[in-house]
Amino acid sequence: MNILNNRNKRTSIFKAVALCLIAAMSFTLVSCDDDMDIQQSYPFTVEVMPVPNKVVKGQTVEIRCELKKEGDFSGTLYTIRYFQFEGEGSLKMDNGITFLPNDRYLLENEKFRLYYTAEGEEAHNFIVVVEDNFGNSFELEFDFNNRNAKDDGLTIVPIGNFSPLLK
């Protein structure tokens, strides 16, 4: 009988240990989350070197740009597009692509140059929008005035009894 009691005790202890292990495993599995939070979308800006604010018909202005990202995800694609509100002109990329208004073009490099050529005598105003494939965008606005011949000359202000120089 003693052997039977020992066997029942061992079985009871084994069942209790097995039950504790199953409970511990279930708590461990419930507390784990299969979804890993991988950030794919990062904010970005586009830095632009200073550009002149006046252009004449036929003049081309170089716009140097650099994409500044707060993070990097290998699957991120950037596109660029533009829309001209005022004036007539054309916008080209440094790789030779001439933009059509509001069409998207793949932006291949973080540093790029745009070339705006004025084709009219009036003021020029357009926006450039850089977007990623996660819905983030950054907008740049460019405003060029028409440069008149008067603007290129020097204005001479007479001081004292001197007479102004004639042009």
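F44 and Y78 are both buried, where buried means under 20% relative accessible area, exposed over 50%, and partly exposed in between (1.4 Å probe, protein chains only). The model is predicted: local features need pLDDT of at least 70, side-chain atom pairs count only at pLDDT 80 or more, and totals for chains, interfaces and linings use all residues. Residues are numbered from 1 along each chain as its sequence is written, and side-chain values use heavy atoms, with hydrogens and water left out.

**Aromatic pairs**

Rings of Phe, Tyr and Trp (its six-membered ring) pair if their centres lie within 6.5 Å; planes under 30 degrees apart count as stacked, over 60 as edge-to-face and the rest as tilted. By this rule there are 10 aromatic pairs. Two of them are set out here.

| Pair | Distance between ring centres | Angle between planes | Class |
|---|---|---|---|
| F44 and Y78 | 5.2 Å | 85 degrees | edge-to-face |
| Y82 and F99 | 6.3 Å | 45 degrees | tilted |

Helices (H or I, at least four residues) and strands (E, at least two) are DSSP runs, numbered from the N terminus. Y82 is buried because its relative accessible area is 4%, and F99 is likewise buried, with a relative accessible area of 4%. Y82 and F99 also belong to one aromatic cluster, together with Y105, Y116, F126, F142 and F144.

**The sheet**

An open sheet is formed by five strands in the order β2-β9-β8-β4-β6, with mixed pairing. Its edge strands, β2 (54-55) and β6, each pair on one side only. Two strands pair if DSSP finds at least two bridges between them. Between β2 and strand β9 (residues 137-146) there are two bridges, and the pairing is parallel. K54 has N145 in β9 as its bridge partner.

**The surface patch**

I13 is located in helix α1 (residues 2-31). Its relative accessibility is 54%, so I13 counts as exposed. With V17 and L21, I13 makes a nonpolar surface patch of about 300 Å². Patches are made of residues with over 30% relative accessible area and no salt bridge, like charges being joined within 9 Å and nonpolar side chains (Val, Leu, Ile, Met, Phe, Trp, Tyr) within 5 Å. A salt bridge is a side-chain nitrogen of Lys or Arg within 4 Å of a carboxyl oxygen of Asp or Glu. Accessible areas come from the Shrake-Rupley method with a 1.4 Å probe; for residues, only the protein chains shown count as cover.
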